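Please keep the sequence and the structure in view while reading.

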Amino acid sequence: MRYLPLNTNDRTAMLDVVGVKSIDDLFDDVPMSARLDGLIDLPTRKTESEVDAELTALAGRNRAAGAGPFFIGGGAYRHHIPATVDHLIQRSEFLTAYTPYQPEISQGTLQTLFEFQTQVAMLTGMDVANASMYDGSTACGEAVLMACRAKRRKKAYIASGVHPHYSATTQGLCQYLDIDLDVAVCAPGKDADVLQNLDKETAAIVVQSPNVFGEIVDLTPYAEAAHAVGALLIAVFTEPVALGAIQSPGEMGADIVVGEGQSIGVGLNFGGPYVGLFACRQKLVRQMPGRVCGETVDADGKRGYVLTLSTREQHIRREKATSNICTNSGLCTLAFSIHMSLLGEAGLRQLAMINHEKACQLADMLCALDGVELVTDTFFNEFTLRLAKPAREVVHKMVEHNVLGGLAASRLMDGQDDLLIVTATETNSEADMRAFTKALEEALS
Amino acid sequence: MMSQGRPTTPHTSDAVGHETVSGNKALAQRELLIFEIGTPRRTGIDFPELKNTPSRLGGVERTQEIGLPGLSEPEVMRHYVRLSQKNYAIDLGVYPLGSCTMKHNPRLNEKMARLPGFADLHPLQPHSTVQGALELMGDLAHWILTLTGMPAVALSPKAGAHGELCGMMAIRAALDAKGADHKRRVLVPESAHGTNPATAVQCGFSIDSIPATEDGRVDMDALKAKLGDDVAGIMLTNPNTCGLFERDIIEIADLIHGVGGYFYCDGANFNALVGRVRPGDLGIDAMHLNLHKTFSTPHGGGGPGSGPTVLSDALAPYAPVPRVESQDGVWHLVENVEDADGESFGRMTAFHGQMGMFVRALSYMLSHGSDGLKQATEDAVLNANYVQAALSDVMTPAFSGTCMHEALFDDRFLKDTGVETLDFAKAMIDEGYHPMTMYFPLVVHGAMLIEPTESESKAELDRFIAVMRSLAVKAVSGEVEMFKAAPIYAPLRRLDETRAARKPVLKWTPSEG
């Protein structure tokens, strides 16, 4: 077996040092009834080329997003990732290191985490950020728990434009914790309804911008209303590129900002791994979940970085921890951070505006068709159309033309069968957009 | 090449060890923060020109600077390559971090995960366009179920602790379905990972600790004394965090089931069992797998993990969505609770789990096969026992007898030397090794938990053992200062963690630069 260095002679010599006759003796504590005879009923070892062939064949049975016109968003976005990113994250020193528990020999990981936290804080307009969460949806759930801890209140409201999978994940996380979580029915243009619920027992309201329909929501009135009753505003985003074009949630008054970082550096990966971004105001920092990296000095006074504030964490606090989370999205934070470093201020803003222009152009092309109406007046790179036919049916018809033409809203929510959520990014060519327009026209005819 | 026929010859001098002008030391390059080397207007990516069409951003256009630095591509490359060289890694040397399973990460797995047919798939594409991906998830589930001997698996948990949450939420849902709302107490051994109690609390349970016996296992008398009608279940790691198999595990399962509770097994150490023991034969109800430990997906400096969770027949109806199913050879995802069989407790994450890790783990499983997986398990256990046996006369094993995949030592051998576990670990850094896990499990004083994994050759282990023996001898013979000063050859010396926590500086600010 190519991955196993020991040979038969080694094993014999080592068993001798251990003082046992056979390997079976080392499994003596296993109850007789649970000892297996022979091999488990699965295929035996394969060569590298056999595995390569088998998995390549499986991969070939999928339609890669880049293999034709592609316009799906809905919480995961297809962007160009510079080749530098994937090269660097595959360096052994990053790829095959563990959590930086020994800071003297982990400064590479630690400094990149410190830079990542700074980038996320800057982007969201927050004071501090953690070293990442599993993904945007779990970050959203943790934010609600954190707000309830910080405010010592038990009620929270999720606005109607929050991605339904984020709401469901948050509900899942809160369901056994005596938290009164109210999730508004998902529908376009109804975010403001959440304000009617606010009272002095509310810990937080959760509002997404751009929301799941692509609408841009001015968060300022939500922040003011929340603060008026002593509650927090949790701002959510699923498309970080948008923050290059619109005001940061921090500027608009949010207290906690959570989102998905996948667009920057990570790729689609059929849903994971992704990278949850989590940022908040300074005064909330000790209630923040997840790992945090901080600056300090070494014995010679040289600047260095360590994991810190571990008294919030499960390995110290056990059942009193702020969260059970033990990992971050390590390598995905690195990918995010490298891509962000390549972009820089100027690059991110340019990328954001290209996305917006593409989406504006596509919206105009599609809305010129009969039976298509734009639902979202404001948007960044994602917008919602009302179709004259059920969107799910239309999506499937377009697949026949090799066009992945958006996302039927009904895949995410009930009662919006005629809505199609469409995304355009810098990866979409004019030819893609024309192919999409033609396919949609045929599907609707 | 450039010496033009003037070969260098060694020259001895007193000037060795001086500080350099640059602060660099040959290959060890000093590196500033990226914010200190970039300039705002530069970018490392070329874009097409904007058309400057009217915006539809709704009046909240960004006006403030973000503050991000800009760098060209070569500057970015150099920054991260320099930083990478300040990290230890499995590919560099022995990384015997107990409980973390730092095994070799095959690069075939990386190649497979990057096939566009897996990496460039959107989670919400129509099912007809992702049949191969769904089949891969089905194949992975088949391998997991066969290896564990369990009837069901939830693939979506994003890491080990997330898998624990999945299992404990399924237990809570099952209890709720029975109306057993008096069952709120979860038994957790003192040696458990910190995630176990933290997870149980997130499911609304309270924690009751069970002490360990002198030989490092669950104290059965204490366990029996704590049983009662209010017990929701037990969370037990097996092999446990002392590296020992819980001999009474089947009796424990029977006892817990006897009071109507469920058995959560922490599967962090499943790598000691694969191919030799099926957890399903031990009476467990739920167990997460760490694909990043047992099945070699890279740790990546702290993630991403992946924590598929196997469930018994009693808990399977409560499994989260989405679920992967097939009918007549056609694969689909069940994405909504209403469409799922049973009474799913809900959703744990936006999409279907860590697909990138699924591909890598399946690539690892296919490569090893049932024979290779069993051999890997045996080699991991043999390597740990070899290290334990070879060190037991100079260090102090916490328990007598053989161990499973990791060897636990305590600090008795350092008694009265002035050297502590931490100092010993830092001295290992100077010797070119990543230290073992320190001060965990909590049940052993000054714990040192060594997990060599199956990836180390005998020759590599012999060198490691020789160094560990020498260090133990030095500690006992009074060379305290060397230990207290260590490390001196790492990129940095010991860091002031107290200062970092007392006045946290969690981001760069311009005034500082």
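Two strands are said to pair if DSSP finds at least two bridges between them. Helices (H or I, at least four residues) and strands (E, at least two) are DSSP runs, numbered from the N terminus. Residues are numbered from 1 along each chain as its sequence is written, and chains are lettered from A and ligands numbered from 1 in the order in which they are written. In this predicted model, local features need pLDDT of at least 70 and side-chain atom pairs count only at pLDDT 80 or more, while totals for chains, interfaces and linings use all residues.

In chain A, seven strands form an open sheet with mixed pairing, in the order β1-β7-β6-β5-β4-β2-β3. The edges are taken by β1 (128–129) and β3 (180–183) of chain A; each has a single partner strand, so one side of each is left without a neighbour in the sheet. Within this order, β5 (residues 232–237) and β6 (residues 256–260) of chain A run parallel and are joined by four bridges. Phe237(A) stands opposite Gly259(A) in β6(A).

What does Ile234(A) contact beyond its neighbours within four places in sequence? With contact meaning that C-beta atoms, placed from the backbone, lie within 7 Å, the list is Ala143(A), Val144(A), Ala147(A), Ala204(A), Val206(A), Ile256(A) and Val258(A). Ile234(A) also belongs to the largest nonpolar core, which has 315 residues; Ala147(A), Val206(A), Ile234(A) and Ala170(B) touch the most other members. A nonpolar core is a set of buried Ala, Val, Leu, Ile, Met, Phe, Trp, Tyr and Cys residues joined through C-beta atoms within 7 Å. A residue is buried if 20 or more other C-beta atoms lie within 10 Å of its own, exposed if 12 or fewer, and partly exposed in between, again with C-beta atoms placed from the backbone. The largest share of this core, 20 residues, comes from α10(B).

The loop between β3 and β4 (202–208) of chain A contains Ala184(A). Ala184(A) is partly exposed, with 19 other C-beta atoms within 10 Å. Its C-alpha atom is separated by 6.1 Å from that of Ile158(A), 26 residues apart along the chain. Leaving aside neighbours within four places in sequence, Ala184(A) is in contact with Ile158(A), Ala159(A), Ser160(A), Lys190(A), Asp193(A) and Val194(A).

Another group of strands in chain A involves β13 (419–423). Five of the five residues of β13(A) are buried, so this strand is largely enclosed by the rest of the structure. In a regular strand the side chains alternate between the two faces of the sheet. Both faces of β13(A) are covered, with Leu419(A), Ile421(A) and Thr423(A) buried on one side and Leu420(A) and Val422(A) buried on the other. β13(A) pairs in the antiparallel sense with β11(A) over five bridges, and Leu419(A) is the bridge partner of Arg386(A). β13(A) also pairs in the antiparallel sense with β12(A), over two bridges; here Ala408(A) stands opposite Leu420(A).

Helix α11 (residues 391–399) of chain A has as its buried residues Ala391(A), Val394(A), Val395(A) and Met398(A). Seen down the axis of α11(A), these fall within an arc of 100 degrees, so they line one face of the helix; the arc is that of the directions from the helix axis to the C-beta atoms. Their cover includes β11 (382–387), β12 (407–408), β13 and α12 (430–444) of chain A.

Chain A is divided into domain 1 (67–81 + 345–444) and domain 2 (83–339), with bounds that come from an automatic or database domain assignment. Their centres, taken over C-alpha atoms, are separated by 27 Å. In the contact, 26 residues of domain 1 of chain A meet 29 residues of domain 2 of chain A. The largest share of the domain 1 side, seven residues, comes from α10(A).

Chain B has 14 helices and 13 strands, and buried residues make up 57% of its 513 residues. Its domain 1 (109–364) and domain 2 (369–493) have C-alpha centres that lie 30 Å apart.

Between the chains, 172 residues of chain B are in contact with 167 residues of chain A. Helix α10 (residues 355–391) of chain B gives the most to the chain B side, with 23 residues.

Conventions. Two residues are in contact if their C-beta atoms, placed from the backbone, lie within 7 Å.
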